[in-house]
Amino acid sequence: MSALTDVFTLSNGVTIPKVGFGTWQIPDGAPAYESTLEALRVGYRHIDTARAYGNEASVGRAVRDSGVDRGEVFLTTKLPAEVKTAAGAREAFDASQKALDLGVVDLYLVHAPWPWDDMGSDHRDGNVEVWKVLEELLDAGRTRSIGVSNFDVDDLEDLTSRTDVVPHADQVRWFVGNTQEETTAWCRSHDVLVEGYSPLATGGLLDDEALARVAQRTGRTPAQVAIRYLLEKDVLPLPKSTTPSRIRENADVDAPLSPEDVAELDAVTTRR
Ligand code: A2P
C-alpha cells in the first residue's frame, strides 16, 4: 500500500509519509499500545500523538517493540495548547521526549493558538515566545521539523511576521465538507504542509450520502473514499481507529478518485 510509504516533502527537505496514524482519544495503556503496534504491523510509518492525549508512553513503547527501525517511523507530538511561555515549552518538550523514549522527534507542533478552555483568546505574544523555543529545538536537532495546529490565517500571519522559521506544517480539522479553504490556500502559498485530523469527522461523516454514492461507484468503503479525498487535495490524512480491520482498511487508499468523484464530494456542505 504505497500511500503508507509515499511521502510529502516539507519545506526544509524532511520527508513525511502521506498517511499518518492518529491517536487522539485512544487511552493510554493497552488501547494506545495495541493500536499503534497494529498500525506499524499493517505498514503505517507515521504516528501522530500529543502530550495532551496522555498516551505518549504507550505510543513510544509500541514503536520500540515493533521491530521497525526508528529511522523508518515518522513521529509527531505536540506542545500542550495551554503552554504559552518559553520555560513551559522547554519543560513540556523534555517531558514528551522522555515519555516517548524515541530520541529525536520528527515533527513538533504547537497544539493550538489558545488553550482549549478559552478558544479564540489572544495569545499572540505567547505563541511567538513558544515558537522561538521550537526554533531552538529545531536548531539543536532535537526535532527534525516544527509546526502548528489549529492555526488559522490570522494566527499564521501574526506568527510568521514576528519569527524566523515558517512552520513546516499546520494540522487542522479537515474532511469532506470542512475543507478549510482559506487556511489551506495560505499554507499552499507559503509551502506549509496541511495535515488533516479527524478525516472521518470522528466518524460523523460516514453516513454522508455523497460519500456513500462515491463509495458504491468506486467499490471502496466510505472511510476509504473520505481519506482518499484528502490525498487528492494534497492534505495529509491522520485517520484514527482502535479496530484492527479498520486500521488496515484506512490505509488501503491507493485507488485514485476521478475528477467527477472529487467534484461530488466538493459539493458537500453539511456542517459536522
Ligand atoms: P474505532 O476507533 O472504534 O474503530 P477520525 O479519524 O475522523 O477521528 O474518526 C475516528 C472514528 O471513526 C473512531 O470512532 C473510529 O472508531 C471510527 N472509524 C475509524 N475508521 C473507521 C472505518 N474504516 N469505518 C468505520 N468507522 C471508522
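Let's start with Asp122 and Arg124, whose side chains meet in a salt bridge at 2.9 Å, N to O. Keep in mind that this is a predicted model. Asp122 counts as exposed, at 52% relative accessibility, while Arg124 is partly exposed with a relative accessible area of 44%. The cut-off for exposed is over 50%, so Asp122 makes it with its 52% and Arg124 stays in the class below with its 44%.

## Bridging helices 3 and 4

Next up is Glu136, which pairs with Arg90 in a salt bridge; their closest N and O atoms sit 3.1 Å apart. Glu136 belongs to helix 4 (residues 124-139) and Arg90 to helix 3, so this contact ties together parts that are 46 residues apart in sequence. Glu136 is partly exposed at 39%, and Arg90 is partly exposed too, with 39% relative accessibility.

## From a loop to helix 2

Asp101 and Arg64 make another salt bridge, with 3.8 Å between the closest N and O atoms. Asp101 is in the loop between helix 3 (86-100) and strand 6 (107-110), and Arg64 is in helix 2 (residues 56-65), so the pair links parts 37 residues apart in sequence. As for accessibility, Asp101 comes out partly exposed at 47%, and Arg64 is partly exposed at 39%.

## The wider picture

How many salt bridges does the structure hold? There are 20. Some residues join up in a network of salt bridges: Arg213, Arg217, Asp261 and Glu264 are linked this way.

Technical notes. Residues are numbered from 1 along each chain as its sequence is written. This is a predicted model: local features need pLDDT of at least 70, side-chain atom pairs count only at pLDDT 80 or more; totals for chains, interfaces and linings use all residues. Side-chain values use heavy atoms; hydrogens and water are left out. A salt bridge is a side-chain nitrogen of Lys or Arg within 4 Å of a carboxyl oxygen of Asp or Glu. Helices (H or I, at least four residues) and strands (E, at least two) are DSSP runs, numbered from the N terminus. Buried means under 20% relative accessible area, exposed over 50%, partly exposed in between (1.4 Å probe, protein chains only).
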